[in-house]
Amino acid sequence: MSAAAATARRWGALPGVATVYRWELFKLRHQKRTYLGLGASILVPVLFVIAVHLRRSHEHGGGFAFSDYVDKSGLAIPLVILLFGAIWLFPLIAALVAGDIFASEDHNGTLKTVLTRSLERWQLFAGKTLAAGTYAITAILLCGTVGVVAGSIQSGFNPLQSLSGTIVSAPRATELVYFSLLIYLIPITAIVCIGLLLSTVTHNSAAAVVGTLMASLVFQLLGILPGLGSLQPYLLSTQFNAWQGLLRTPIDWTPIIRAIWICAIYGFTSLFCAFLVFLRRDVAGG
Amino acid sequence: MTGVADAPPIEVRGLVKRYGQLTAVAGVDLTVGAGDVYGYLGPNGAGKTTSLRMMLGLIRPTEGTVRLFGRDPMESVRALDGVAGFVEAPTFYPYLSARRNLELLAAFDGRGAPARIDRALDTVELQDRAGDKVGGYSHGMRQRLGIAAALLRDPKLMLLDEPATGLDPAGMRDMRLLVKRLAEDGMTVLLSSHLLGEVEELCNRVAIVRSGAIVYEGEIAALRRSRPPAGTFYRLHTTDDERAMAVCSAPHGITDVRLARGHVEFTADEQAVALLSQALVESGVLISELAPQTVTLEDLFFSLTEGDGQLGTAATPSPGELVGPE
C-alpha cells in the first residue's frame, strides 16, 4: 500500500472537521431555531412584497436608496430589504444559530459527550464554525432569492436604475443583486463570529443571541451619535452598506475593500478569542 | 499516540483542582489496574465527578497528572483511545432518536464504531426503542444509552459516574448486571458512586474520597480487616440511654462507648457484655436490644467520611491503606 493510500485510509477511518460539519448541518436540520431563521428569511421579502402591493398608488418613495424603484423593478426589492435588514433582522437571523451552537451544547451537557470521543477540540470548533457560517449564508441567499422572485412577480423583472442614475439591464441587475448579497455576507460573517464568541463565553444560548443582536445595535447607535462621525467608517454597522458600491457606475470599490478589512478585524478577533476560550476552557457543567 | 506498554489503565498522581479559594480535588493519587472494577466512593460534593472530568480531559488539573494507559488526556484526545464513559448523567441530543445519537457519536469515534451500533443497542436492550427521540426517554433509558454510547468505542477502560443514581430498583439491578457483565468480559471499570451497596457488590478495589482527598485506597477486604472483627462492636437500646452510658463507662472491659442516634455503641468481648447486662439490670436500666454489629462498608464509609475521618480507635489500618487528607 502506498503512503498516500495509507494516509487516505487513515483519514477515512478517523473523524475530522468534515465529519463534525456534516453532523452539525444534520443537527441544524432538526432544530426549530434553524427554521425560525430560515422562515424569517422567506417571510420578510414576501411580506414586503405584499406591503408594496397593498400600498396606495400615490404613496411613492421613502427617501432611501431604491425606495422609488420598488414599483418599477422587482430587483429593487431585495436591495431595499438588505438596507433595512441590517438594523436587526439579519444580525438576529445570524445570531440565532451562531449564538446557540456552542451554548446549547453546554446547556444540554452534550459538549462533554462529544469531547470524550475521538475528536480534538479544534476540529469540533472548526466544524461548528463552518456550520454556523453555512446557515448564515443560506439565510441571506434565501432571503435575496425570495426577494428577487417575489419582487419580479410583483413589479416585474425589469431593468434597474443604479445609484448613479444609469439604467442597468435586468440580467445585469440580477448579477449585481447576487454580488451585493455576497458583499453583504462580509459583515454578516463578522456578526456570526461575534455570536460564536458570545456562545463560547456565556455558555448561555439566550444571552449569546441577545448579546450578538445588542452588539449590532450598539454599533448602529455609535454611528448616529453626534461627535463620533470619525468613527463611522470603521463601525461594523457601516459595512452593511458596502454593497451599495456595486450599484454605482463605475463600481465604487472603496467601501467594499474597507468592509473586507474592517470585518476581518472584527471577525478574526472574535473568532480567535472564541477559539482560545473553547480550546482552554474547563467543561465543568452539564 | 501510543500508550506505554504495561501502563496501568489509570494512574493519577497528586491531582488537584482549585476553583479560586475552593479546592474541589486535593491531591488524589490512585492506580487502577487492568481488570479492576474500582469503586470511587464518596459523599456528594467530595470531588468524585471533578476527578473523573480531569481523567477524561474535560477539565484541566491545577496540579498533578492523569495517565490513561500511560497517555495524558490533556495532551490529545488520542489518549482516550480504548477509554469510554460518562460523567454525571449521560447526555444526548433530545431532538434526535437514540440511533441517530449513536450514529453521530460513532461518526465522531470513527474506526469501525458505526458497525457496533446494533450490538451496543442489543447489549443495553434498547433496540426496540432506538427509533424514538431521546427527549422522550426515561432516566434509566438514558443511562443505558450512555453505556451503549460508551460501548461504541470498544473500550478497555470504562469510567462511569454514578451509573445507577436516579434509577428505580429494577433499573439499578439491570445496571449492576450490565457492569458485572462488562467486568466479566475483562473490561477495567472505574465506577464513581455514593451507593455503598453498589460498590460492595461490584468492586474489588475502592478509593474513598472525602473533601477532595482520598482517605482510603485498596481492596474492600483489606478495609474490612482494618475494623475490629464482627461481633465485638455492639449496639445497645435501653429505657435510659444516659444511665446506660454511665454504666458502660464503668470498668467492665468496654471501650469506645458513645451515644449514637437513640442508642449506645461500644466495643467489648463476650464476657464483658455478659457483665454489662447484669450491671445494667442492677442499675434499673432495662435492655430492649443488645446486639453485635457486623461491620458494613457503610460503617466504614461513614467512619472515613464523617467526623475526623479516622476509622476509630479500634481500627488499625495497614500502612499505606489509610491515606490522610493532605
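Student: What pattern does chain A follow along the sequence?
Tutor: In this predicted model, chain A reads α-α-α-α-α-α-α-α-β-β-α-α-α-α along its sequence. That gives 12 helices and 2 strands.

Student: And how does the radius of gyration of chain A sit against that of a compact globule?
Tutor: The value for chain A is 21 Å, which agrees with the figure near 19 Å that a compact globule of 286 residues would have. The C-alpha trace spans about 65 × 50 × 35 Å along its principal axes.

Student: How much of chain A is buried?
Tutor: Of its 286 residues, 46% count as buried.

Student: Why is helix α5 of chain A described as largely enclosed?
Tutor: Because 9 of the 10 residues of this helix, residues 89-98, are buried, the rest of the structure largely encloses it. Among the buried residues are F90(A), L92(A), I93(A) and V97(A).

Student: What covers them?
Tutor: The cover over the buried residues of α5(A) includes α2 (17-29), α3 (32-54), α4 (76-85), α8 (121-155), α9 (170-202) and α10 (205-224) of chain A.

Student: Changing topic, how many residues of chain B are in contact with chain A?
Tutor: On chain B, 22 residues are in contact with 24 residues of chain A. Helix α2 of chain B (residues 98-109) gives the most to that side of chain B, with 5 residues.

Student: What about the make-up of that side?
Tutor: The residues of chain B that touch chain A comprise 15 nonpolar, 3 polar and 4 charged.

Student: Which domains does chain B have?
Tutor: Chain B is divided into domain 1 (10-82 + 155-224) and domain 2 (233-292). Their centres, taken over C-alpha atoms, are separated by 40 Å.

Notes
Residues numbered from 1 in each chain as written. Chains lettered and ligands numbered in written order. Predicted model: local features only at pLDDT ≥ 70, side-chain atom pairs only at ≥ 80, totals over all residues. Contact = placed C-beta atoms within 7 Å. Helix = DSSP H or I, 4+ residues; strand = E, 2+ residues; numbered from the N terminus. Nonpolar A, V, L, I, M, F, W, Y, C, P; charged D, E, K, R; others polar. Domains from an automatic or database assignment. Buried ≥ 20, exposed ≤ 12 C-beta atoms within 10 Å, placed from the backbone. Rg over C-alpha atoms; globule rule 2.2 N^0.38 Å.
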